[in-house]
Amino acid sequence: MRRIESGKVLSNHKLAKGMYRMDISLPEISSEVQGPGQFISLTVGEGWQMPLRRPMSIASIENDSISIIYKIFGKGTVWLKERTSGEVIEAIGPLGNKFSLDKINGKEIILVGGGVGVAPILYLHDQLSKDNQDHLLIVGAVTAAEQFLEHSPKTGIHLTTDDGSVGEKGTVMTMLEILADKVENPYIIACGPEPMLAAIYKFTTEKGIEGQFAVESYMACGTGLCQGCVIETTKNISKEHTYHQKYSLVCSDGPVYDINAIRI
Amino acid sequence: MTDLNTTIGSIELKNPILVASGTFGYGEECDEFSDVNQLGGIITKSITLHPREGNPPPRIVETASGMLNSIGLANIGVDRYISDMLPKYDELDTTVIMNIAGSSLTEYINVLEAVEAVPNSLAGYEINISCPNVGEGGMEFGVDCDLTSQLTSELRQRTDKLLVIKLSPNVTNIAAIAQSAEAAGADAVSAINTVVGMSINPATRKSNVYTKLCGLSGPAVKPVGVAAVYKISQSVSIPVIGIGGITKGEDVAEYLLAGASAVQVGTANFRDPAAGLQILTEFHDFCDKNNISDLTELIGRLQNDT
């Protein structure tokens, strides 16, 4: 069940260039979370200067607290950055669906995270690790300054940077093509900026590889009321008049979709 | 204790706070957050004759103290509204008003007639003649006195239920449109629908919303709404329902003083699906603190000496 809850900021610190992590005490919401892919949405600013909540993927859950990873993007995230421990922040959640692991059917999982899209991927990575389920993780960024994990190919963690300052030089695609070729039956789960998803989409479609995306979207409500956060589906629509066939609501139907179910 | 009852046409509302069409779905999407039965009423999302997918994304963007939207009347269509939604409204203990949108006189009539043909517990209809976001969103009716009159009259002949005409602020003289609706038999008017707006990303030189022109709502438009309600209430004798940027109890009082008999909470529902009830509590406190025994002490009681 979704809840509205005011929670104390437990910590709020810089992870990498332009990227921050905030831990918020949210016992009610965290008790309702079903798994990686789901998100919460936070009010930002004082009063109604910024009326819309900011949707944030859950990056981890621990002892009644929820962690988010956010990138400084505009006024709302600057306001988030300025919160200090003990301040209260209002959240609604958990929202959306989770990655469905029962679709993987023993295939070899490759997780791909780009930019702030790394949040749900890290949550899934932690869950798979706890379950001793083998998987590979690729995290891409422009430079080393934007990376906060350790490049560790031996343990299956592959970082990429556009300038080669850490990990493999290139985009996540460079690494993904190598790894997808190495494993017998790859299954790709990714979250990141649209150009990254578009490149993966093209790759998986050409190779006939299955997988899931967690997509990002601008949202007004996160609860299905505003109908603002739609994504185009790949459904073949033969009827002249339809509702909710061509467009899917990212907040309620998503944010996790089978790669072949949406148009990127 | 203040008596919060208010009357719109023949309908008595338990309190003056309704939720606006398009901001509360069909009334069931967020029922875990608040008990809709405590609200004065709900106006359900615009229904057209056929289902509609709505506009391509991006459909929304935040602006200073407001938001722009261009959803494009995405809705389930009247057949599914009748089969799936109407039976649920029988169970509710609050006033439910159906919002109807159309692209032609015939479409409005067909939707209303389809609903009139089945037994239901709707209190009435709010007619959207003011959607700025689709080429055929009824806006041509909302900007023209004669078309407003014709549409209102045709619908009036087909229902004895409450008939509310929802007006656009994007006109030269909103009071004149309200007068046309009144003369043609409307029981009430509601105002305002969204204000036409636009937002461009200077870096990409692209519009932030797919349709470019879209509708502004939220606290940014509250003064526009209050002024519209004031102008209309000075010109008609039917009740006015105030809409636009209501986020707190005092906003309700402001609209009532300007002449509204009830209000609709819109954009605030997006941030907090229980906003209507929170605003109701605050408004009740305001009334108690100010020793208001019933709402006639507020409605249209703007003091003229400034």
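Two strands pair if DSSP finds at least two bridges between them, and strands (E, at least two residues) and helices (H or I, at least four) are DSSP runs, numbered from the N terminus. The model shown is predicted, so local features are given only at pLDDT of at least 70 and side-chain atom pairs only at 80 or more, whereas totals for chains, interfaces and linings use all residues. Residues are numbered from 1 along each chain as its sequence is written, chains are lettered from A and ligands numbered from 1 in the order in which they are written, and side-chain values use heavy atoms, with hydrogens and water left out.

**View 1. The hairpin of β5(B) and β6(B) has two residues between its strands.** Within this hairpin, Ser65(B) takes a positive phi near 55°. The two strands are joined in the antiparallel sense by four bridges, and across the pairing Glu62(B) faces Met67(B) of β6(B), while Ile60(B) stands opposite Asn69(B) of that strand.

**View 2. An open sheet in chain B contains four strands.** The strands follow the order β5-β6-β14-β11 and pair in the antiparallel sense. The edges are taken by β5 (60-63) and β11 (195-197), each of which has a single partner strand, so one side of each is left without a neighbour in the sheet. On average, neighbouring strands are turned by 35° against each other, direction ignored (axes are lines fitted to C-alpha atoms, for helices over the stretch in contact, and angles run from 0 to 180 degrees between N-to-C directions). Between β6(B) and β14(B) there are three bridges in antiparallel pairing, and here Leu68(B) has Leu216(B) of β14(B) as its bridge partner.

**View 3. Strand β9 of chain B pairs in the parallel sense with β8(B) and with β10(B).** The strand covers residues 162-166, and five of its five residues are buried. Leu162(B), Val164(B) and Lys166(B) point to one side of β9(B), whereas Leu163(B) and Ile165(B) point to the other. Five bridges link β9(B) to β8(B), which spans residues 124-128, and Gly124(B) has Leu162(B) as its partner. Three bridges link β9(B) to β10(B), residues 188-191, where Lys166(B) stands opposite Ser190(B).

**View 4. Six strands of chain A form a closed barrel.** The strands run in the order β1-β2-β5-β4-β3-β6 with antiparallel pairing, and the twist averages 45° from one strand to the next. Strand β1(A), residues 3-16, is joined to β6(A), residues 88-95, by six antiparallel bridges, with Lys8(A) and Val88(A) as bridge partners.

**View 5. The largest cavity holds about 510 Å³ of space.** A cavity is a set of points, on a 1 Å grid over the protein atoms alone, where a 1.4 Å probe fits but cannot get out, and its lining residues have an atom within 4 Å of a point; points are joined across faces, edges and corners, and a volume is the space filled by probe spheres set on them. The whole structure has three cavities of 30 Å³ or more. Of the 34 residues lining the largest one, the closest to its centre are Ser21(B), Thr23(B), Asn69(B), Asn193(B) and Thr194(B). The elements of chain B that give two or more residues to this lining are β6 (66-69), β14 (214-217) and α8 (268-271).

**View 6. The second largest cavity, of about 50 Å³, is lined by residues of chains A and B.** Its lining residues include Gln227(A), Tyr243(A), His244(A), Glu53(B) and Arg59(B).

View 7. Over all chains, zero disulfides are found. Cys251(A) is buried, with a relative accessible area of 2%, and Cys287(B), at 0%, is also counted as buried.

Technical notes
Disulfide = S-S within 2.5 Å. Buried < 20%, exposed > 50% of the residue type's maximum accessible area, 1.4 Å probe, protein only. 1 Å grid on protein atoms, 1.4 Å probe; cavity = no way out; pocket = protein on both sides within 12 Å on 5 of 7 lines; lining within 4 Å.
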